[in-house]
Amino acid sequence: MEKTFNHKIVEKDRCKKWNDMKIFQTHDESKKPFTIILPPPNVTGNLHIGHALDNYISDTIIRFKKLQGYDVLWLPGTDHAGIATQAVVEKKLASQNINKYQLGREEFIKKVWEWVDEYSKNIHNQWQKLGLALDYGFERFTLDDNSNEAVLKVFIELYENGLIYRDKKAINWDPVLETALSNIEVVPKETKQKMYYIKYPIKNSKNFLEVATTRPETMFSDVALAINPQDSRAKQLIKEVIIHPLTNKEIPIILSNKIDPNFGSGIMKVSAHAVDDIEIIIENKLPINECINKDGKLNDLAGEFKGLDRFEAREKIAHLLSQKGLLIKEEEVVSNIGYSERSKAPIEILVQPQWFVKMSEFSKMLLKDLRSDEGVKIFPPRFESTLENWMENAHDWTISRQIWWGHRIPAWYNEQNEIKVQIQKPEGNWKQDDDVLDTWFSSGLAPFVFLGWPQDKSKLKRYFPTSLLVTGYDIIFFWVARMYFFSLYFMDQKPFEHLLLHGLVRDSQGRKMSKSLGNGINPIQVIDEYGSDVLRMSLIFNCTPGLDINYSDEKIQGAKLFANKFWNIARFVENIPVSITEKIDFNKLDEYDNWILNEYLAFKKNIEDAMDKYELTIIYKHIQDFVVDKFSNWYLEFLKFKENSYLIHYLFKQILILLHPFMPFLTDYVFEKLYHEELLCSNLQTFALNKESSNNTPKIISLITALRKYREDKKISKSIELFFYLNNLVFSSIDLKIINKLSNFSWKENHDFSLKTESFEVFIIQSKQDKENEILELNKLIEFSQKEIEFNEKLINNPKFMEKANKNTINEKLANLKLHKEKLEFYKNQLKEKQEKIN
């Protein structure tokens, strides 16, 4: 092995080797299966640091389960990402002065497939860089032919059972991408804007009503003013008619409990671009007159403002109202505005015919299963209530999208507006719906569709429900909930046994990574500089289920330091000749071997327990304790001086196997170099010690530690030989040799300086100067304890203090007094003994 750790040498072609050997593509059905489905990344670009965290967690678990003897399947896939992918391809075409309408639907989709082919290869290359244990023989795409067949089958069945329906109602609309959005694709953000207080004149009167709105651009769609029936003005105003300040049309005043009497003036204009307004309009059988088009620009109803963007129109309409003396005032306010999760643009509310999933039955189904003993077990458990709360309040899901890339809705319309839902075009003059399905509709079917449903159910019988899903808590509603209820409905089973939710990867300051901040991290660049194992450890060992992680160079350097340390350990072990057979002969082990083997078994048990709970941060502490401290700092040092090295290669092989999931490249490389075998063709062994594990080794470690500390505290050079003695411990010649080599202390009977530890009392021969220094130190300690006794006694004997002080303070002073009295007695006895010895 090279002198220094070089990740480029270690990682070169290693993942290719695993793939060529089909290590993770060969399945043994005699073994218990363990299955994970990879959250399919969008085909729109590069994997980010959040993907790296998610992938590393799953990969670590898959490798661990394989080495425990499971038949593992980690199923890869990519997502067609309807809106996102179409937007990227349209942008690329626009740079060539081409738009999709020039190409037509069919040719445009061909262009998207070209993009998909290119970026699918890119994602594959990145998976290889990460070193993922994926079974590429199972790989799926959410828009492959089999997925499309499954999606259409699901749509038709849900439609026929009344769980999918088409309706014209208020929906969230993205005016940039010009498509409908579901509620969870709308992100509320606090936004500064102006509140306009506008005069709405009363007919045949000089009076007016004051109406507050942040959206004067929607005034052209006003059909009424509304007031809460509990408002004291309601009875009188209901009789009045309003002259609209912009159109001069007459509009009524109506009653609605939806009006907040404390908002603005307590009177609200009722227009076609807010959900509550539309409900009021429908309840009162008023017309819905939209004045904003799908592109976010004002339409014919807006008169002179036709064609203006809604935000530009807002300013100009406010200016016109001011000129006409109809604008009372403006105020700066902060409002919660809905933004498109896709385009980041403020959404619009439009009334459009769309397709919806009826959520009530699915919600009941999911909640019943989640609350049962057989439900999905969520890590951490607090997210159960998060999922419950959302499902209890779920709105019907808008699933149609006004784009071309995706699963086209299998619905057909004729000139009489009749609808037929089927795959093949009906006979006659029928036109297929232009819309496609929400991407989450198809990815929600992944747990069973990716395993072959409905074409081939053989894989389902073995691998469904899957064992685990690892994903971010931020898509619990987008994806997790939908997989859950779809699986219950179509498979009558939950989609996975366990759900492990991790947090977001933030920057070192705890900020969310974004293009605007320029704080994003490219995992491939980090791997090129430090290696995949270093990036993996920096992420997974700092990741607690459900909590965000702050990425930092400090974490990278810590992982790099451990990789270098382990490399040096391996180089030391490499220099010991390898002579091993299949089984250990426990009769050849000495006390030091039995001790380290016992410690290894405890370490292995700790790792297994932590992996069962997905507590990866705890695992790193166990690794530091065993590998760095007990194995490297102690056992390998013992090995230099004890009589045999029989155990080392049996043990180190198992350490490499046990650590493999956490640094796969490095452990695989070392295993291959030292033992000329394939690590991933091995399993973790279970050792049964046939000797009593209790021995002198822990006491020897404690003794050496105490002797080293004594030398350090007294500032005595390591080159000066010192002497120690213990009354009640018997050491072998090897023990004494090891103690001497690791501390430069030799055995010589004496009762000179007494050093007490938890396990024993050791005596150390001191020079005259050391003894005199000890006496000086003891006198200082005696003086300090005397002052503490005097101070605490003065307080306790002070009636005023005892009267005012609380019970805890009094108890603290009494405890200090007792402690220092005991210390004073001990120090005086020590002083007396030392003075007698020096004389």
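Author: Helices (H or I, at least four residues) and strands (E, at least two) are DSSP runs, numbered from the N terminus. Phe486 and Phe490 are four residues apart in helix 16 (residues 476-491), so about one helical turn separates them. The model is predicted: local features need pLDDT of at least 70 and side-chain atom pairs count only at pLDDT 80 or more, while totals for chains, interfaces and linings use all residues. Residues are numbered from 1 along each chain as its sequence is written, and side-chain values use heavy atoms, with hydrogens and water left out.

Rings of Phe, Tyr and Trp (its six-membered ring) pair if their centres lie within 6.5 Å; planes under 30 degrees apart count as stacked, over 60 as edge-to-face and the rest as tilted. The structure holds 54 aromatic pairs. One of them is edge-to-face: Phe379 and Tyr614, 4.9 Å centre to centre with 85 degrees between the planes. This pair links distant parts of the chain, 235 residues apart, with Phe379 in strand 15 (residues 377-379) and Tyr614 in the loop between helix 20 (591-612) and helix 21 (616-639). Both Phe379 and Tyr614 are buried, where buried means under 20% relative accessible area, exposed over 50% and partly exposed in between (1.4 Å probe, protein chains only).

Phe486 and Phe490, by contrast, form a tilted pair, 6.4 Å centre to centre and 50 degrees between the planes. Phe486 is buried, with a relative accessible area of 0%, and Phe490 is buried at 14%.
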